[in-house]
Amino acid sequence: MAAALLCAGLTGCASLKEVTSSSKPLLPGGSASSTSPSPSASASPQAQAVKLPARASGPLDTGTVTHTIKQGTFSVALTYWTSDNAKLYTAESQKTINVAAHIEDTDSTHRVRLTTFQVTQDDGTNRADVATDSGKFDVTPPYPYNTVVTLPAATAGAKTLTLTIRLDLLVETAPKSNSYYRSTALDTLTLPLLTNGDTQ
């Protein structure tokens, strides 16, 4: 009888259903939560490059320039040149300019004399005569007039320097007449100056 009971117990065990369990582990603290991506930081706009004011080009940037002034029946040619680097001129810097004048478009039978050569400097604030040469200089072709002008310091902060050049001429009315008429030639030369923050 005991054997019958044991057999019945084994038969009941065979009828038991297997219990399966999930192999997916649970995250600590309960169910898994999805992690939302953090918003990407917006790119900061790049700083705008500060553009420095550029210095205007000047007539002596290449070292020399020639101006021709018509004076009735003849012309006066003025050549300016310098061994300075004119691109580096500032209000305070020293500036040395060579000037040569000669007469064109006329013959050599009418005598021409230069009686006054004058240079006036204007920086927009102050105006001053910086060179005056008076006399009786024969500039009858092919003879030229040559001189050197050293400019003083300009007013601090000046952006340009304007030179006014004046030549008073005596021109013979007829060959060997020893009679003259006056002719005044005027020219200007504007030199740009570097100021703080300017670029060449």
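The model is predicted: local features need pLDDT of at least 70, side-chain atom pairs count only at pLDDT 80 or more, and totals for chains, interfaces and linings use all residues. Residues are numbered from 1 along each chain as its sequence is written, and side-chain values use heavy atoms, without hydrogens and water.

The chain contains one helix and eight strands, taken as DSSP runs (helices H or I, at least four residues; strands E, at least two) and numbered from the N terminus. From that terminus on, the elements run α-β-β-β-β-β-β-β-β. Buried residues (under 20% relative accessible area, 1.4 Å probe, protein chains only) make up 32% of the 200 residues.

Four strands form an open antiparallel sheet in the order S5-S4-S7-S8, where pairing requires at least two DSSP bridges between two strands. Strands S5 (127–138) and S8 (180–192) stand at the edges with a single partner strand each, so one side of each lacks a neighbour in the sheet. S7 (residues 160–172) and S8 are paired antiparallel over 13 bridges, and Leu-167 lies opposite Ala-185 in S8.

Beyond its neighbours within four places in sequence, Ile-97 is in contact with residues including Tyr-80, Val-148, Leu-163 and Leu-191, contact meaning heavy atoms within 4.5 Å.

Conventions:
Buried means under 20% relative accessible area, exposed over 50%, partly exposed in between (1.4 Å probe, protein chains only).
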